[in-house]
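Colleague: Could you walk me through this structure? I would like to learn how to read its features one at a time.

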Amino acid sequence: MKKMDRIALFFLALAIGVFPWGVGGNQYFISLLVFLGLNAIATMGLSLLMGYAGQISLGHAAFFGVGAYSSGILTTQYGLPPLLAFFVGIFLSALIALVVGKPTLRLKGHYMAVATLGIGEILYIVFNEVAPLTGGPSGLSGIPPLAVGGVAIEGTSFLYLVWGVAFLLLVFSLNVINSRVGRALRAVHGSERAANAMGVDAARYKLQVFVLSAVYASMAGSLYAHFVSFISPNAFGLMFSILLLMMVVVGGTQTIWGALLGTGILTLLPEYLRGLEDFEMMVYGAILLSVLLFMPQGVLEGIRRIGTRRKGQVA
Amino acid sequence: MISDFLSLEGLEKTFGGLRALGGLDLSVREGLIKSVIGPNGAGKTTLFHLITGILLPTKGQVYFCGRRLDGLKPHEIAGLGISRTFQNVELFAHMTALENVMLGRHRRLRAGIFQAGLRLAGMRREERECRERAIEELRFMGLAEKAALDALSLPLGEQKLLEIARALATEPKLLLLDEPAAGLNPRDTAQLSETILRIRERGITILLVEHDMNLVMEISDVVSVLNYGRKIAEGPPREIQRNPEVIAAYLGEEGNGAPA
Amino acid sequence: MTFTSQLIQYLLTGLTLGSIYALVALGFTMIYSATGIINLAQGEFVMLGGLIMVFCTLVLKIPMVLGFLVTLVMVTAVGALFERLAIHPLKNASLITLIIITLAGSILFRGVAMFLWGKDPYMLPPFGSHQPIQIWGAVLQPQTLWVLSITVLVVAGITFFFKRTLMGKAMTACAFNPMAARLVGINVRKMVLISFGVSAALGAIAGIIITPITLMEYDRGPLLALKGFSAAVLGGLGSPLGSIAAGFLIGLLESLGAGFVSSGYKDAIALFVLLLVLWVKPSGLFGSREESELKKF
């Protein structure tokens with residue numbers, strides 16, 4: 001990977017490392033950072049799909065939900081070890097992504113967007129309707145926290161676990177981006193026709209990255225289930241799908257760091273708006289609209305451009 | 001005359017009511033530079049799309065080195081050793097010149113998502129070789145200093161050369177060039193001419209679609225002329241220039257479209 | 001209830017639902033015809049129509065006809081403003097950006113609605129009589145007749161607009177080839193603005209007429225938009241008649257499915273239709289395959 005990536009990784013690790021100490025063990029802030037980490041895992045995958053491969057998914061919350069419900073159901077109702085449930089979730093997400101991905105990724109632009117929206121909605125309905133399994137609208141409770149040797153992983157240790165996973169996935173993603181596969185994805189984004197002409201099996205790569213992004217989301221969902229111990233379908237519906245998408249777009253689809261920045265912004269923003277319950281969604285929408293209108297390349301790119309302009313260079 | 005190298009037999013393509021190509025027999029002998037010329041709408045780019053699998057023929061077959069091409073996917077055909085450039089340059093945006101050319105090496109590399117993500121040793125060596133080979137191709141096309149620049153930031157002439165470098169990186173047996181001289185000034189065209197000859201020296205067969213008659217007449221070994229989707233003449237450049245049917249076909253066109 | 005009366009009940013419900021889907025689908029088609037964009041905020045126009053009408057009737061206590069007009073004007077204005085402020089400035093942006101802009105717009109509208117009206121569903125009194133009518137053992141709400149007749153009127157109006165008026169034909173021309181349209185003197189900018197305005201109006205009408213039956217709340221939009229889009233694609237994007245026919249078809253499928261198979265999964269029916277169409281024949285029932293390949297997507 002590039003030098004900038006290494007530097008950024010270092011500082012990120014540092015920041016996460018000292019964070020719990022910095023906030024004096026305050027569980028509210030630690031939870032916030034946990035959610036940030038979970039969202040980041042999901043948006044990393046989405047960034048690979050949207051930013052690099054140039055596709056779109058408006059239904060990714062569904063894969064998050066598959067992971068969450070797999071972990072939730074298998075650990076509560078069937079007493080399976082969490083690690084096994086984790087992998088079952090990954091397997092299911094991958095399978096669903098494979099099956100719906102093949103016909104959907106052939107579609108262009110708007111059609112793909114709406115198809116993914118539809119898929120997400122269908123899964124949401126399934127979460128609600130298969131009540132004996134998922135608990136339906138009232139949700140599923142009693143999901144055990146992760147534990148090692150009888151000691152529960154909670155609070156700060158869970159923070160490190162989530163970000164440890166996020167880190168590994170980040171390194172993995174950066175490696176993929178800076179490889180033959182990453183080039184192929186970016187080529188498909190640039191010109192699918194030319195990519196095919198140069199020997200890239202565009203359809204196969206699109207599907208692979210779609211499945212990969214679904215797997216990332218599933219991992220995040222599984223961890224989420226063990227963190228909040230109670231899950232309900234509402235967390236995995238359209239709003240969350242749109243939120244994930246917005247995180248990638250607002251931060252900037254150019255790079256994976258953009259997605260991380262966007263995740264940071266959009267995870268922390270609602271916390272600031274929390275006091276203004278009634279205004280929340282409205283302000284949210286207004287801010288998003290403004291970013292899209294004035295910084296369509298995303299905040300990261302926007303910051304970078306202001307930086308180069310200040311140095312007197314032509315932007 | 002059917003060639004073992006590339007041969008199109010009875011090739012036909014209709015779009016709805018429009019017949020772009022009708023009953024075309026064309027072959028290309030290995031090691032030669034063959035040009036396909038004809039007035040606009042004669043079906044030349046359609047021809048390329050049919051060879052490279054972007055379009056399926058309505059009738060007829062395409063054979064390459066003993067294998068049947070029609071029905072294969074474009075990326076499979078690329079894997080068999082056919083590469084191309086496009087009429088409107090289709091470089092990859094947000095990628096440097098070097099990265100564009102490195103992409104050409106795609107099929108010569110092996111690393112999949114997991115090898116790449118985990119950065120296993122074999123992959124690193126592969127990447128290094130890929131990079132070196134790509135730089136070589138850039139050097140061959142005279143673009144070595146532009147390697148780190150964003151591909152789309154280059155002037156059009158260099159973009160066209162870059163696209164050729166990318167195609168060469170695939171190690172093709174057959175190179176299809178779709179109007180490589182379009183939009184180039186005379187100096188760039190002369191350089192292009194010389195470059196194409198150097199490509200032939202590497203043992204790569206070239207099939208060229210072009211409107212620039214000077215270029216065509218100067219470098220081609222054989223010229224085929226299409227009109228309304230049919231071949232109306234074929235032979236060495238000198239003969240084609242004197243062929244009355246060819247001249248008649250072009251007289252419908254304005255200005256310097258006609259063979260000089 | 002006998003089987004026949006059940007069937008009739010479901011058919012009536014299906015036609016009622018279908019009217020709404022048809023109107024929403026028509027809204028999608030109009031904007032698509034003029035701009036090539038899919039407006040993901042279409043459902044919010046319906047929602048706003050219903051809720052603003054509620055405000056007019058129950059809070060301002062103005063007569064229904066006046067309220068109808070006021071609501072129509074207001075929602076049309078919202079649509080036009082949205083186009084001017086959010087769509088027009090980004091007309092050269094990438095497809096993904098445009099999709100997301102309309103998505104952001106829908107969030108904004110929903111947020112405003114939540115702020116103004118909260119999360120509770122609201123009721124409108126039926127336009128005419130409250131007395132349910134008995135038809136062959138099925139119960140027919142008089143409002144259903146209002147829904148159907150107003151829908152028919154709107155459909156007739158829109159069809160006339162597209163087939164007979166110069167502006168309607170101009171709008172179709174814009175979608176096919178904006179450059180050529182401009183060259184023959186069509187003001188493409190105005191067409192785009194009008195298409196958004198009219199789509200918003202169509203959505204508002206749908207919202208107003210359906211609220212007495214199904215109530216209206218702030219987040220009705222997205223699912224409605226999905227189903228409406230489902231109908232628009234099934235009928236062939238860009239084909240107003242296709243949108244209408246498909247809207248009714250999906251309404252009927254949903255109602256029959258809910259009645260005879262399972263009501264929990266009824267929303268999934270329209271979605272399955274959507275996926276089926278997109279995966280198998282994106283040009284829809286009435287669109288031509290070549291045409292859909294020539295267009296932007």
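Modeller: Happy to. Let's begin with burial in chain A: buried residues make up 55% of its 315 residues. Please keep in mind that this is a predicted model.

Colleague: And what share of the residues in chain B is buried?

Modeller: For chain B, buried residues are 46% of the 260 residues.

Colleague: How do I judge the overall form of each chain?

Modeller: One way is to set the radius of gyration beside the value for a compact globule. For 315 residues that value would be near 20 Å, and chain A has 19 Å, which agrees. For 260 residues it would be near 18 Å, and chain B, with 19 Å, agrees too.

Colleague: How can I tell whether contacts join parts that are distant or close in sequence?

Modeller: Take the contacts between residues at least 6 apart in sequence, and ask what share joins residues at least 24 apart. In chain B that share is 65%. In chain A, residues 24 or more positions apart account for 75% of the contacts with a separation of 6 or more.

Colleague: Let's turn to the strands. In what order do the four strands of the open sheet in chain B lie?

Modeller: The order is β2-β1-β4-β5, with antiparallel pairing. At the edges are β2 (18-28) and β5 (67-68) of chain B, each of which pairs on one side only.

Colleague: How many bridges join β1(B) to β2(B)?

Modeller: Seven bridges join this antiparallel pair. One facing pair to find is Lys13(B), which stands opposite Leu21(B) in β2(B). The two strands form a hairpin with two residues between them, and Gly16(B) in the turn has a positive phi of about 60°. On to the next pairing: β1 (residues 6-15) and β4 (residues 59-64) of chain B run antiparallel and are joined by five bridges. There, Ser7(B) has Tyr63(B) in β4(B) as its bridge partner.

Colleague: Which residue has a positive phi although it is not a glycine?

Modeller: Cys65(B) is one of them, with a phi of about 50°. Cys65(B) sits in the loop between β4 and β5 of chain B. Because Cys65(B) has 16 C-beta neighbours inside 10 Å, it counts as partly exposed. Arg119(B) also has a positive phi of about 50° without being a glycine. Look for Arg119(B) in the loop between α4 (113-118) and α5 (121-140) of chain B. With 18 C-beta neighbours inside 10 Å, Arg119(B) counts as partly exposed.

Colleague: How do I read the places where chains meet?

Modeller: Count the residues on each side, then ask which elements supply them. Between chains A and B, 22 residues of chain A are in contact with 31 residues of chain B. On the chain A side, α7 (155-177), α8 (180-190), α9 (192-197) and α10 (202-228) each supply at least two residues.

Colleague: What is the idea behind a nonpolar core?

Modeller: In soluble globular proteins, nonpolar side chains tend to be buried together. Here, the largest nonpolar core has 271 residues, and those touching the most other members include Ile41(A), Tyr216(A), Ala165(B) and Leu274(C). The largest share of this core, 17 residues, comes from α10(A). As for Ala165(B), its contacts beyond four places in sequence include Val101(B), Leu138(B) and Phe140(B).

Key. Residues are numbered from 1 along each chain as its sequence is written. Chains are lettered from A and ligands numbered from 1 in the order in which they are written. This is a predicted model: local features need pLDDT of at least 70, side-chain atom pairs count only at pLDDT 80 or more; totals for chains, interfaces and linings use all residues. Two residues are in contact if their C-beta atoms, placed from the backbone, lie within 7 Å. The radius of gyration is taken over C-alpha atoms; the globule rule is 2.2 Å times the number of residues to the power 0.38. A residue is buried if 20 or more other C-beta atoms lie within 10 Å of its own, exposed if 12 or fewer, and partly exposed in between; C-beta atoms are placed from the backbone. Two strands pair if DSSP finds at least two bridges between them. A nonpolar core is a set of buried Ala, Val, Leu, Ile, Met, Phe, Trp, Tyr and Cys residues joined through C-beta atoms within 7 Å.
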